[in-house]
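Here is a quick walk through one protein model, from overall shape down to a handful of single residues. Have the viewer open as you read.

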Amino acid sequence: MESVFRNATIVLPDEVVTGSVRVADGMIAAIDSGASQLGEDLGGDLLIPGLVELHTDHLENHYRPRPGVYWNPLGALQAHDVQIAGSGITTVFDAVRIGSDPDMPGMGDHVQVLVDAIATGMADGRLRAEHMIHLRCELPSHDVVDDFERFCGLPLVKLASVMDHTPGQRQFQTVSKYRQYYQNRLRLSEAEMDAYIEERHAEQATYSARHRRAIIRRGLEAGIAFASHDDATDAHVAESVADGVSIAEFPTTMIAAEHSHQAGLAVLMGAPNVVRGGSHSGNIAAVDLAREGCLDVLSSDYVPGALIQAAFQLPALTGNVTLPEAIRMVSSTPAKAAHLDDRGEIVVGKRADLVRVRLHGDMPVIKSVWRAGQRVS
Ligand SMILES: [Fe+2]
């Protein structure tokens, strides 16, 4: 059970070297710089660690391709898995939302279907990437704590985020921004939208604070890593730090990002934000955070291929982030933030999750992907 990849441009944690990597029993056994005659010739292509994705909504989009249309869950999972592995991602946290929306009741039952599919897919070895679950908890929702209780003890659940999308704060810092984003999507009249917004404020007042306390307490007991979501103010960051959160997902202001990073939280931003040159909901740009040295993790969010594309674009876009630093943002740093210490870097003794990449101009093209030494794409 041994293989060697030679004539590779290897992205190590702090430098790029030319040489070979030996894999034995699914682990990285040796890294040698210089020429070698043994093994598979990578023709000078880049060899980077398998990417670690903490927050993708992509499975939900396959399961519910249209409002009201629900796909066979294992079929959805397999299609999603092919694209994830083909995008160089060897460890993926599939994000599932818990806590019912007014327009989507019974959320917990849908999540149950997806969780069962992931457990089946992992147990019978049909998946290319290693899948884990990220529970996205919408705190103002009346049934989010019941849903959390239902899933938090499962071995695949290793990450949870605490979110509050009430209009007028965090992701939607003004009520008018919220209205602009949702009114057409929800197909509501002006008066219906007013009533909807009022209802959201009432739910927040009733549930948010106590649901946050209950979920954090229960999740930390279960050994789950936590992410804050859309933190905007110093008070939000202070609350996240006090709660023992390890990841700051999508901070919406520079202050929140800087202070989260300084406090030792891994600041996570969307890779599509890098590729598109800004946030789709009009908040801060990930590239600006990277330039300021306070971007730690990228996530593909809603486009799997964005992860590797953003990592390769970041050095040129920022001027001060090196390629090894950009690769760390999509591999070792997210792995550590999610308490996975066995993977995420090309280092002897780590898992042989590897991606062979060839650049066509500035666009990375993925040639091969290995998970624990096995070719998966
Ligand atoms: Fe959000």
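A contact here means heavy atoms within 4.5 Å. With that in hand, among contacts in the protein between residues at least 6 apart in sequence, 65% join residues at least 24 apart. Before going on, some housekeeping: this is a predicted model, where local features need pLDDT of at least 70, side-chain atom pairs count only at pLDDT 80 or more, and totals for chains, interfaces and linings use all residues. Residues are numbered from 1 along each chain as its sequence is written, and side-chain values use heavy atoms, with hydrogens and water left out.

**Overall picture**

The protein's secondary structure comes to 13 helices and 16 strands. These are DSSP runs, numbered from the N terminus: H or I of at least four residues for helices, E of at least two for strands. The radius of gyration is 21 Å, close to the 21 Å from the globule rule for 377 residues, so the protein is as compact as a globular protein of that length. That radius is taken over C-alpha atoms, and the rule is 2.2 Å times the number of residues to the power 0.38. Along the principal axes, the C-alpha atoms fill a box of roughly 70 × 45 × 35 Å.

Of the 377 residues, 54% are buried. Buried means under 20% relative accessible area, exposed means over 50%, and partly exposed is in between, with a 1.4 Å probe and protein chains only. The accessible surface comes to about 15300 Å², and 50% of it belongs to carbon and sulfur atoms; the areas come from the Shrake-Rupley method with a 1.4 Å probe, and for residues only the protein chains shown count as cover.

As for charges, the protein has 33 positive and 49 negative ones, and their mean positions are 4 Å apart. Lys and Arg count as positive and Asp and Glu as negative, while His and the chain ends are not counted. Each charge is placed at NZ of Lys, CZ of Arg, CG of Asp or CD of Glu.

**The nonpolar cores**

A nonpolar core is a set of buried Ala, Val, Leu, Ile, Met, Phe, Trp, Tyr and Cys residues joined through side-chain atoms within 4.5 Å. The largest one has 38 residues, and Ile-48, Leu-289, Leu-295, Leu-298, Phe-312 and Leu-314 touch the most other members. Elements giving two or more residues to this core include β5 (46-49), β7 (89-98), α11 (306-318) and β14 (354-360). The largest share, seven residues, comes from α11. Apart from this core lies another, of 30 residues, with Leu-77, Val-96, Leu-114 and Ile-215 among them.

Which residues does Ile-48 touch, not counting residues up to four places away in sequence? The set is Val-11, Ile-308, Phe-312, Ile-327, Ile-346, Asp-353, Leu-354, Val-355 and Val-357.

**Single residues worth a click**

Ser-228 sits in strand β10 (residues 225-229) and is buried, with a relative accessible area of 0%. Leaving out residues up to four places away in sequence, Ser-228 touches Val-162, Ser-240, Val-245, Ile-247, Ala-248 and Glu-249.

Next, some backbone angles. Most residues other than glycine have a negative phi. Phe-250, though, has a positive phi near 50°; this residue lies in the loop between β11 (247-249) and α8 (254-262) and is buried, at 14% relative accessible area. Ala-372 also has a positive phi, near 45°. Ala-372 is in the loop between β15 (363-371) and β16 (374-375) and counts as partly exposed, at 28% relative accessibility.

Leu-12 lies in the loop between β1 (2-11) and β2 (16-24) and is buried, at 13% relative accessibility. Not counting residues up to four places away in sequence, Leu-12 touches Val-17, Ile-31, Pro-324 and Ile-346. Val-303, in the loop between β13 (297-299) and α11, is partly exposed, with a relative accessible area of 36%. Gly-75 belongs to helix α2 (residues 73-86) and is partly exposed too, at 29%.

| Pair | Sequence separation | C-alpha to C-alpha distance |
|---|---|---|
| Leu-12 and Glu-53 | 41 residues | 19 Å |
| Val-303 and Thr-166 | 137 residues | 25 Å |
| Gly-75 and Arg-217 | 142 residues | 35 Å |
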